[in-house]
Amino acid sequence: MSRALVLPFLTLALLLGNLSPSFAQTKDWPFPSRSAAASSLLARPTSTPTSTPPPYDFPLGQETWEQLSNREISREGQAALALRPQQWYHGETENFVFHYRNLSDALQVARAIEFDLWYVAQSLGAPKSAYTRESHIFVFADEQEWQKFLAETNEPKWTHSFAFHDELFLNVHGSGFDSQTLAHETTHAVVSRIYGSKRWPLWLNEGFAEYMGEASVAARHSQVPSQNQHNLAHAKMTVAKLFAPARYPVGDEAVAQLYDTSSKFVRYLYKKYPKELFPKFVDHLLNGEEIGTALQETYGNEFRDMNEFEKNFSRFTR
């Protein structure tokens with residue numbers, strides 16, 4: 001969900017257990033053409049992730065519902081397809097099942113989302129065998145249809161595009177939609193596909209999605225992550241407070257601080273240490289280790305004294 005749109009309504013965040021709001025700022029929808037450049041502790045596949053990004057142009061053939069390779073959808077997905085059911089079109093790419101009204105919209109989403117999937121997966125060291133299940137993507141036609149869907153699913157009417165487990169519901173013509181929002185929500189879906197029922201801590205889940213939302217869009221435009229990073233004006237939480245919440249806090253400022261501080265922490269890890277260490281840190285956490293222990297075992301002595309680390313972290317600006 002767009003940062004500008006979500007802030008006035010963040011006091012309702014606790015009602016949205018399945019919603020992953022995004023604080024995106026980039027405005028580049030429809031997407032411009034992409035330039036030509038462009039062993040874990042868990043029981044995940046250990047083959048090497050592909051280092052080659054997906055091609056920009058690929059087919060999205062129209063199929064009947066019966067032809068789809070994956071027809072298992074959530075109740076939210078069923079509610080979406082129940083809206084004018086005869087007017088939904090279906091198609092598949094290598095990694096996603098699309099449900100759409102307009103082929104042009106679906107193609108633009110597909111081109112971006114396949115890249116986002118690849119970028120997030122290789123950032124987590126995950127080979128294709130780790131995310132073979134195809135996710136369902138629902139691309140809505142207009143704001144009126146989106147609002148009807150929200151009413152059917154009891155979501156607040158201000159909701160803009162969200163991830164539910166590994167499914168994505170996209171209001172591509174809504175005022176809060178952009179490529180960075182798509183990359184943020186795709187990150188949540190990819191994490192769900194790779195890690196299954198292993199749930200990330202709230203701060204890490206949102207911080208990683210924020211970082212990937214910026215970094216994936218930058219990479220698609222042949223830029224380094226720092227060229228597409230917004231100012232973390234609300235990154236004012238202490239590290240101890242950041243690690244504490246298990247649920248979204250209440251209040252605009254508190255939630256803004258959670259997003260910005262968690263994003264800052266993930267940036268810090270990626271900026272200062274080899275990126276290959278991050279999925280190992282995640283694995284330590286998901287195997288039940290305390291955060292301080294996981295940080296020290298993964299990244300070393302800087303995290304032996306968290307009070308001293310807090311001083312270094314407070315001075316970090318990019």
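Biologist: With which residue does E214 form a salt bridge, and how far apart are the closest N and O atoms?

Modeller: The general idea is that side chains of opposite charge can pair when their charged atoms come close. In this structure, which is a predicted model, E214 forms such a salt bridge with R267, and the closest N and O atoms are 3.2 Å apart. Because E214 lies in helix α6 (residues 202-220) and R267 in helix α8 (residues 252-272), the pair ties together parts that are 53 residues apart in sequence. Both E214 and R267 are buried.

Biologist: Which residue meets the side chain of E302 in a salt bridge, and is E302 buried or exposed?

Modeller: The partner of E302 is K272, at 3.1 Å from N to O. This pair, too, links distant parts of the chain, since E302 sits in the loop between α10 (291-299) and α11 (306-315) while K272 belongs to helix α8, 30 residues apart. E302 has 16% relative accessibility and so counts as buried, whereas K272, with a relative accessible area of 49%, is partly exposed.

Biologist: How many residues apart are K311 and E308 in helix α11?

Modeller: They are 3 residues apart in helix α11, which means that about one helical turn separates K311 from E308. Their salt bridge has its closest N and O atoms 3.6 Å apart, and K311 counts as partly exposed because its relative accessibility is 46%.

Biologist: Now to strands: which residues lie on each side of strand β6?

Modeller: In a regular strand the side chains alternate between the two faces of the sheet. In strand β6 (residues 167-170), E167 and F169 lie on one side and L168 and L170 on the other, and all of them are buried, so that both faces are covered.

Biologist: Which strands are joined to β6, and in what direction do they run?

Modeller: Strand β4 (residues 135-139) runs parallel to β6 and is joined to it by 3 bridges, with F169 in β6 as the bridge partner of F138. Strand β5 (residues 162-164) is likewise joined to β6 by 3 bridges, but this pair runs antiparallel, and A163 stands opposite L168. β5 and β6 form a hairpin with 2 residues between them, and H165 in the turn has a positive phi of about 55 degrees.

How values were computed. Residues are numbered from 1 along each chain as its sequence is written. This is a predicted model: local features need pLDDT of at least 70, side-chain atom pairs count only at pLDDT 80 or more; totals for chains, interfaces and linings use all residues. Side-chain values use heavy atoms; hydrogens and water are left out. Buried means under 20% relative accessible area, exposed over 50%, partly exposed in between (1.4 Å probe, protein chains only). Helices (H or I, at least four residues) and strands (E, at least two) are DSSP runs, numbered from the N terminus. Two strands pair if DSSP finds at least two bridges between them. A salt bridge is a side-chain nitrogen of Lys or Arg within 4 Å of a carboxyl oxygen of Asp or Glu.
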